[in-house]
Every structure is written in structure tokens, then in C-alpha cells.
Amino acid sequence: MKRSCLLVAVILFLVSSVGQASSWGWWAPSIPSTQNPGWNSPIWPITPTLPTQPTQPQQPTQPKPNPGAPLQPVQPSNPGNKVPLPNASLSADEQSLINQVNQERLKNGLKALQVDYALVALAKEKSYDMAVNNYFDHVSPTLGTVYTMLDKAGISYSRAGENIARTGSISRAHPLFMNSPGHRANILHSGYTHIGVGIVKQGTSYHITQIFIKK
């Protein structure tokens, strides 16, 4: 009887040991096997660690303009600033135009006109006025007519006339005058004795004024 009880106890002990080993092995993590990966792998899922992508350096964000921000006021441009003031002295081009006028007069049996520097100053003023105020006319919106200018300057005269031209080349000015009946009449008028010429450049254009008087 004792032997039977002892044998039963040994059998129970062996069965209990085998059960504990089986239960522990199931939960214990093991190295994966290529032959039977399902048997030896642990029951909990293993999430593979993906290689991290290299992070791109972030570009500095440019500040967006604020459309509601008020604009700073801009000082309007003065057209007069774009036109240089004429030199008070008679330029070579102005003298050349006077010479061409006198050549025409001499060819037609007329006396040459004398240069009057007061007329030169007025002619320069009129050409500058046309360039700055962007007009082309014998009547200036600021200076009036040639007679108004002469009277204001205190110049005595018994007859007066004015030629004006706007051209891209000074060399074309005299032919333009001579091909116009009214301008030609002033150049060849026998009653005139004095002349003044003024040239002002604006961009690629030349504003030209000739003033004739009889003293």
C-alpha cells in the first residue's frame, strides 16, 4: 500500500513539473527561428522599428505682407526736376541757329539781326516753360504771350514775333522753320533788328524758341 501511494505521488510530481515547464516556455520570449517561426515566436506582437527618415532642414518662413497695412505716402515727382535749368550764357547750338537765321537774311538782301541777351533770357525761359509744363503753344499757361513777357521784362519794342519748335534733333530746327510760311516770314522780316534764341532739352526732345523784335 505504501509502495502504491509512493508511486502515485511520484507520478503526480512528474506531471506537475512537465505542466509548469510547458506553461513558462509559452510565455517566455525566444529567438525567432527560420524553420518554425510560428512555434517559437512570443504571443505578443512585435512592431518592427522603421528606419527614421532624415529630417529636412526647415526653410525659414518669410513673413507674409499685410495687405491691410497702410502704404507710406509718396511725394509726387515734379516734372521740373527732370528738366535742367538752361545756362544763362548763349550756347553753341543757340549761336548756330542765330547764324543760320542771319545767313538766310543776307542771302535775301536783309541786314543781320543783332543778338540781344535780354531776348536770349526770355527765349530760354519760354523753352523751359514748355518743357516743364508739357505744352507746345505760343500762349503759355504761366507766362502768357511773347508780348506779355517783353512787357514784364521792361524791354522796349515797336514790333515783336516768336518762333517755337519741338524736335528730336537741333539740326532739323532751322529747316523746319524755313519750310513753314509763318516762321519763315519772321526770319526774313525786314522790320526786325534784334534776336534771342533759347534751347532746352527734355529727354530726347529739344524745345526751341526764337524771339524777334524791332527797337
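View 1. L176 is partly exposed because its relative accessible area is 36%, where buried means under 20%, exposed over 50% and partly exposed in between, using a 1.4 Å probe and protein chains only. L176 sits in helix α6, which covers residues 173-178. Helices here are DSSP runs of H or I with at least four residues, strands are runs of E with at least two, and both are numbered from the N terminus. A165 is eleven residues away from L176 in sequence, and their C-alpha atoms are 8.0 Å apart.

A quick note on what you're looking at: this is a predicted model, in which local features need pLDDT of at least 70, side-chain atom pairs count only at pLDDT 80 or more, and totals for chains, interfaces and linings use all residues. Residues are numbered from 1 along each chain as its sequence is written, and side-chain values use heavy atoms, with hydrogens and water left out.

**View 2. The whole chain, for orientation.** You'll find seven helices and four strands, in the order α-α-α-β-α-α-β-α-α-β-β from the N terminus. Of the 215 residues, 32% are buried. The mean pLDDT (the predictor's confidence in each residue, from 0 to 100) is 75, and 62% of the residues reach 70 or more.

**View 3. Zooming in on I187.** What does I187 touch, leaving aside its neighbours within four places in sequence? Its contacts (heavy atoms within 4.5 Å) are with V101, E104, R105, N163, H174, F177, M178, Q210 and F212.

**View 4. An aromatic pair, Y192 and F212.** Rings of Phe, Tyr and Trp (its six-membered ring) pair if their centres lie within 6.5 Å; planes under 30 degrees apart count as stacked, over 60 as edge-to-face and the rest as tilted. That rule gives one aromatic pair. The ring centres of Y192 and F212 are 5.5 Å apart and the planes meet at 25°, so the pair is stacked. Y192 is in the loop between α7 (181-187) and β3 while F212 is in strand β4, so the pair ties together parts 20 residues apart in sequence. Both Y192 and F212 are buried.

**View 5. Helix α3 and its two sides.** With 16 residues, α3 reaches 22 Å from first C-alpha to last, close to the expected 22 Å (1.5 Å times one less than the number of residues). E94, L97, I98, V101, N102, E104 and R105 are buried in α3. These residues cover an arc of only 155° around the axis, which puts them on the same side of α3; the arc is that of the directions from the helix axis to the C-beta atoms. On the other side, A92, L106 and K107 are exposed. Just after α3, G109 has a positive phi of about 75°.

**View 6. Stretches to read with care.** Over residues 13-54, pLDDT stays under 50. Residues 62-80 also stay under 50. Where pLDDT is low, the predicted coordinates should not be read in detail.
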